[in-house]
Amino acid sequence: MKAMDVVMTPIHKEGHLFVAIFFAVSVGLFFLSEPLGWAGLVLTAWCLYFFRDPDRVIPDEKGVLVSPADGTVCLVMEATPPAELGMGDEPRTRISIFLSVFNVHVNRTPAAGEVTSVAYVPGKFLNAAAEEASEENERQLIRMTTEDGHDIAYAQVAGLVARRILCDLEVGQTVERGERFGLIRFGSRTDIYLDKGQKPTVAVGQTMIGGETIIARKAAGRRKAASASE
């Protein structure tokens with residue numbers, strides 16, 4: 001991304017107060033020591049960068065899920081959905097995305113549909129890249145029924161330095177694919193639990209762009225079966 005693009009990118013409303021605090025502290029540091037003041041300005045610039053909220057081009061392909069966050073896929077595995085969402089004990093494919101402090105932290109809905117359950121779970125602040133973070137860390141859980149009838153779930157998971165999860169979703173709310181719905185501050189992870197008939201289209205180590213990267217789509221077998229019945 002070009003430097004001018006970064007400067008012109010708007011920031012999330014949650015970042016306004018933090019940027020103001022960082023800048024005020026930097027000005028104060030200049031009275032103590034010029035090097036400290038410049039260091040403060042560097043941190044202020046980083047704060048602006050962290051809270052950036054760029055627009056995204058949302059795919060219009062039917063039946064796909066998009067990544068709920070920017071970051072790197074750290075796990076693709078079978079896992080039981082969070083008990084708080086009441087989705088049963090049968091394992092589902094879970095895709096986990098690790099967000100470093102340099103990634104965009106604005107989260108986006110993976111599909112269009114209706115939110116059916118929301119649950120907040122307090123917890124630890126382990127390394128967000130660790131497998132156990134999904135069960136032990138502080139997290140915000142969301143379950144939804146997609147417009148094509150799939151029952152999916154996704155989670156905002158706090159990390160080592162994350163101390164606040166913001167989620168604007170409510171039960172019964174209708175959302176569009178790629179819609180902004182929250183933010184995790186600072187450094188974190190997101191999980192998404194797929195429904196039967198949905199297949200991951202990403203691999204561990206792959207870079208995600210929230211709202212743009214297609215993370216899963218209907219499995220070929222399901223599409224063939226549907227075609228045969230028509």
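Tutor: Let's start with the open sheet of eight strands, whose order is β9-β5-β6-β7-β11-β3-β2-β13 with antiparallel pairing. Strands here are DSSP runs of E of at least two residues, and helices are runs of H or I of at least four, both numbered from the N terminus; two strands pair if DSSP finds at least two bridges between them. Because β9 (174–175) and β13 (207–208) are at the edges and have a single partner strand each, one side of each is left without a neighbour in the sheet.

A word on the source: this is a predicted model, in which local features need pLDDT of at least 70 and side-chain atom pairs count only at pLDDT 80 or more, while totals for chains, interfaces and linings use all residues. Residues are numbered from 1 along each chain as its sequence is written, and side-chain values use heavy atoms, with hydrogens and water left out.

Within this sheet, β7 pairs with β11 (residues 188–193) in the antiparallel sense over six bridges. One of the partners in β11 is S188, which is bridged to A158. S188 has a relative accessible area of 0%, so this residue is buried; buried means under 20%, exposed over 50%, and partly exposed in between, using a 1.4 Å probe and protein chains only. In an unreviewed entry, UniProt lists S188 for "modified residue: Pyruvic acid (Ser)". UniProt positions follow the numbering used here, feature names are shortened, and such annotations may be inferred rather than shown by experiment.

There is also an open sheet of three strands, in the order β1-β14-β12 and again with antiparallel pairing. Its edge strands, β1 (64–66) and β12 (198–200), each pair on one side only. Three bridges join β1 to β14, and L65 stands opposite A216 there.

L65 leads us to the packing. The largest nonpolar core has 21 residues, and L65, I95, Y154, L169, I192 and I215 have the most contacts inside it. Such a core is a set of buried Ala, Val, Leu, Ile, Met, Phe, Trp, Tyr and Cys residues joined through side-chain atoms within 4.5 Å. At least two of its residues come from each of β3 (92–99), β6 (139–146), β7 (151–158) and β14 (214–218), with β3 giving the most, three residues. Leaving aside neighbours within four places in sequence, L65 is in contact with residues including P110, I152, I192, L194, T213 and I215, where contact means heavy atoms within 4.5 Å.

Not counting residues up to four places away in sequence, T213 touches L65, V66, S67, V202, Q206, T207 and M208. A polar atom of the T213 side chain lies 2.8 Å from the backbone nitrogen of I209.

Finally, R56 is found in the loop between α3 (34–50) and β1, and counts as buried at 19% relative accessibility. The R56 side chain makes a polar contact with the side chain of D70 at 2.8 Å and reaches the backbone oxygen of G210 at 2.9 Å. A polar contact is a pair of N or O atoms within 3.5 Å; within protein, one must be able to donate a hydrogen and the other to accept it, and residues adjacent in sequence count only if both atoms are side-chain atoms.
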